[in-house]
Amino acid sequence: MYVLTAGYFVVAGPLRQAETVPIDLHAHTACSDGTDSPAELMAAAAAAGLDVVAITDHDTSAGWAEASAAVPAGMRLIPGAELSCESPDGLGGTCTVHLLAYLFDPESPALKAEQSRLRAERRLRLRRMAERMAADGFPVDPDDVMDRLPADSPGGRPHLAQALMRGGAVRSVDEAFAKYLGTGSSYHVPRTDTPVGTAIDMIADAGGVTVLAHPFARRRGPIVTASVIADLADRGLSGVEVDHPDHDEPTRQQLRALAADLSLLVTGSSDYHGTNKTVRLGQETTAPEMLDALVDKASGAPVVVG
Ligand code: AMP
Ligand code: FE
Ligand code: FE
Ligand code: ZN
């Protein structure tokens, strides 16, 4: 793996290793369902005292260029994405999992085509959900929901949550999810996500590495069993996101033990979404040696150094 910018290791030599290196490997911008522009994310990461931040918008790499051009001096940016996938749940059914993909070649043809398909699915599905709610008398206008999407954003349920907030139907994004937007709701419209094994292969083919995002975040919906994670590790998954705001302490311990059993890397990240979530950048962090191991495995895109 190569690192852009001469001179970085001069600054980041042994002196720096003794200090903590705050690393947050999961953050969204307005290119998906966060509220900061990519440049604002970089400024917010610096203000939060981070040394390393990853940009992981849902199903797009559209924010990479702007973020790369705005990396503050001394900081590192890990370009990435969060892929929505369908997985066996380990109990005979399927469920949604999110795959964090880092340092892949965004021009890889198969991956580019699949991300483009997923973004189209997202738009269609968001409009359908808005239409269902409008038909039931909720104060949302499907055209307005779609028109308001930030440039480059394929849209997500948080955008519908914002529309419900503007219309006075709910007070917060969380309330909108709890009442109307969750997978169990009659307003929820599923997407055809990528089979998770296919997604792991696609990212590997594009020189990237994959980490299973918030695997045991039960409050979001059904989750996979440990045996599914073992199968994904066999398929080429590199790590699991253990320290995540949606994991309580016993869940973290369980996942950490599983990761050790399966020789998976362990990450920690905030899953920052700007004002669409209450989490803070750097609220959860990743150990430097875990990041180093991820970077060593990747060859599809460079770490960007400010
Ligand atoms: P979507 O990408 O359209 O499937 O919507 C899911 C997104 O909504 C995820 O990125 C979550 O981060 C965000 N979100 C915000 N609040 C919640 C919640 N209470 N439950 C599930 N997802 C949530
Ligand atoms: Fe999100
Ligand atoms: Fe996620
Ligand atoms: Zn996320």
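Predicted model: local features only at pLDDT ≥ 70, side-chain atom pairs only at ≥ 80, totals over all residues.
**Entry 1**

Aspartate 33 sits in the loop between β1 (23-24) and α3 (38-47), whereas histidine 273 belongs to the loop between β8 (265-268) and α12 (288-297), so I noted a pair that links distant parts of the chain, 240 residues apart. I then checked burial for these two residues: aspartate 33 has 6% relative accessibility and counts as buried, and histidine 273 is buried as well, with a relative accessible area of 4%.

**Entry 2: iron ion (ligand 3)**

Histidine 98 lies in strand β4 (residues 94-102) and histidine 214 in the loop between β6 (209-213) and α10 (226-235), a pair that links distant parts of the chain, 116 residues apart. I recorded both histidine 98 and histidine 214 as buried. For the distance between the iron ion (ligand 3) and the iron ion (ligand 2), I wrote down 5.7 Å.

**Entry 3: salt bridges**

How many salt bridges does the count come to? I noted 18 salt bridges, and I followed several of them.

Aspartate 59 forms a salt bridge with arginine 122, with the closest N and O atoms 2.7 Å apart. Because aspartate 59 lies in the loop between β2 (52-58) and α4 (64-68) while arginine 122 lies in helix α5 (residues 109-135), the pair ties together parts that are 63 residues apart in sequence. Are aspartate 59 and arginine 122 buried or exposed? I found aspartate 59 to be buried, and arginine 122 likewise.

Arginine 252 came up in two of the pairs that I looked up. With aspartate 243, arginine 252 forms a salt bridge in which the closest N and O atoms are 3.2 Å apart; aspartate 243 counts as buried at 15% relative accessibility, and arginine 252 is buried with a relative accessible area of 11%. With glutamate 284, the closest N and O atoms of the salt bridge are 2.9 Å apart. This second pair links distant parts of the chain, since glutamate 284 is in the loop between β8 and α12 and arginine 252 is in helix α11 (residues 249-262), 32 residues apart. Glutamate 284 and arginine 252 are both buried. I also noted one network, made by salt bridges that share partners, which joins Asp174, Arg219, Arg220, Asp246, Asp271 and Lys277.

**Entry 4: helices α7 and α8**

Finally I looked up how helix α7 (residues 157-166) packs with helix α8 (residues 173-181), and I found an angle of about 100° with the axes 9 Å apart. The two helices, α7 and α8, are therefore roughly perpendicular to each other. On the α7 side the contact is made by Arg157, Pro158, Leu160, Ala161, Leu164 and Met165, which meet Val173, Ala176, Phe177, Tyr180 and Leu181 in α8. Sorting the contact of α7 with α8 by class, I recorded ten nonpolar residues, no polar ones and one charged residue.

Conventions
Residues numbered from 1 in each chain as written. Chains lettered and ligands numbered in written order. Heavy atoms only, no water. Helix = DSSP H or I, 4+ residues; strand = E, 2+ residues; numbered from the N terminus. Buried < 20%, exposed > 50% of the residue type's maximum accessible area, 1.4 Å probe, protein only. Axes fitted to C-alpha atoms, helices over the stretch in contact; angles between N-to-C directions. Parallel < 35°, antiparallel > 145°, perpendicular 65-115°, else oblique. Contact = heavy atoms within 4.5 Å. Nonpolar A, V, L, I, M, F, W, Y, C, P; charged D, E, K, R; others polar. Salt bridge = Lys/Arg side-chain N within 4 Å of Asp/Glu carboxyl O. Donors = N, O, S within 2.8 Å, 3.2 Å for Na, K, Ca; no water.
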